[in-house]
Amino acid sequence: MKTTSRYRLALAAGLLLAGVAPGALAFDAAQTKTAVEAEVGADYGHLDALYKDIHSHPEVAYQEVRTAARLAKEMKALGFEVTEHVGKTGIVAIYRNGAGPTVMVRTELDALPMEEKTGLPYASTAKTTWNGKETFVAHSCGHDIHMAAWVGTAKALVALKDQWHGTLMFIGQPSEEDVSGAKAMIDDGLFTRFPKPDLGFALHVAPAPAGTILYKAGVLSSTSDSLSVTFHGKGAHGSMPHQSIDPVLMAARFVVDVQGVISREKDPAAFGVVTVGAIQAGSAGNIIPDSALLRGTVRTFDDGVRDKILAGINRVAAAEAEMSGAPAPEVEIVPGGKSVINDDALTSRTAAVFQAAFGPRAVRLPAPGAASEDYSEFVRAGVPSLYFAIGGYDAQQLAGFKAAGKEPPVNHSPLFAPAPEPSIKTGVAAMTLAVMAALQPAG
């Protein structure tokens, strides 16, 4: 039997004991949290500068050259063996600390093709070319927080290496927003060129109170499919619509009518979303164009619901064109990330650690979230994992939103601006504790 297999079996046996009380853990979670907080507190100035540098210099999918190089430099300085250009712009950093399991910790590298409107002094003004057009770029999802916490976790684990044994596999994944980077890394030999992890972890900042940890066993996120529909018509002068077949009208009707699939065809209790986020058509207000392109996203938890929605999309698009006497539309549905499914035993054991260290701020989520994540590719490749969330808004921010009668901006909003210090410190503490617990001897 291979050494890795022995550790998998031993770890699995240990995880079966996940239901034990926090006080029976192999290490003192609260005491270890204090040590981790001391480490991150002493180094926070560096992490803050790293965060703000990454925030100010965002890069979209597969363009994360500067970002990857910056993280590679950080990890090399900590003593990790770093390999760059895995899955195009991804990085893999390995740290060996004696015999033990291999634990993967993932961060994302990419930002979003959108303009930041936070007004922060370090706000992004970066631009790039995306889908053939110039666009602003911003870390409006929070990946910059994740990267800073990722580096901070690596530093804390190295500082506390006398308290654990095994191999750390820290990966910087490209193109999470495009839900293709995880597969690109796997296809480039992530689990053949490097050790196959026994366990994996990832985190995400959320519009929740800073200092909270949010976790859930089982299904955590939705399946995503990207949608594009091109309606073909007949161009004409805007004053002569009778000479045209108006693709903008077809597109507008589709955006409204496709929601009937959601409200009238699927079970109201079943989750399903169709969102059209972009419509591209025409060049001037007095010209009816000859085509219109819609881009959108489809999110579901259940395969049966997914099949019903996709069939409805095709049927509604064809009907809109037929009503206008137009050629059949081009409908393209590209599968994206699958649901992230957290390992029950690993979640239970780590939840005990979180509860011991964070008390009531460790909260079990009651239901899956609507967002999607291609971390699911690592799970589907056979890496038992826990993907959890950390709160991002401090008390002052939340009080300000409440006073203004506004909800806190969510991820992907141009106003999304987590408080860096509590978010990063919580992320480092939670992830370090999760990894250290996984690296304790089973028994």
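The model is predicted; local features need pLDDT of at least 70 and side-chain atom pairs pLDDT 80 or more, while totals for chains, interfaces and linings use all residues. Residues are numbered from 1 along each chain as its sequence is written, and side-chain values use heavy atoms, without hydrogens and water.

The protein divides into domain 1 (29-221 + 339-439) and domain 2 (223-334). These bounds come from an automatic or database domain assignment. The C-alpha centres of the two domains lie 35 Å apart. In domain 1, 9 residues are in contact with 7 residues of domain 2 (heavy atoms within 4.5 Å).

About 600 Å² is buried between domain 1 and domain 2, with carbon and sulfur atoms giving 49%. Buried area is the accessible area (1.4 Å probe) that two parts lose on being put together, summed over both. Ser339, Ala370 and Ser372 lose the most area on the domain 1 side, together 57% of what that side buries.

The count of salt bridges between the domains is 0 (side-chain nitrogen of Lys or Arg within 4 Å of a carboxyl oxygen of Asp or Glu).

The structure holds 15 aromatic pairs. Rings of Phe, Tyr and Trp (its six-membered ring) pair if their centres lie within 6.5 Å; planes under 30 degrees apart are stacked, over 60 edge-to-face, and the rest tilted. Phe191 and Phe378 form an edge-to-face pair, 6.2 Å centre to centre, with 65 degrees between the planes.
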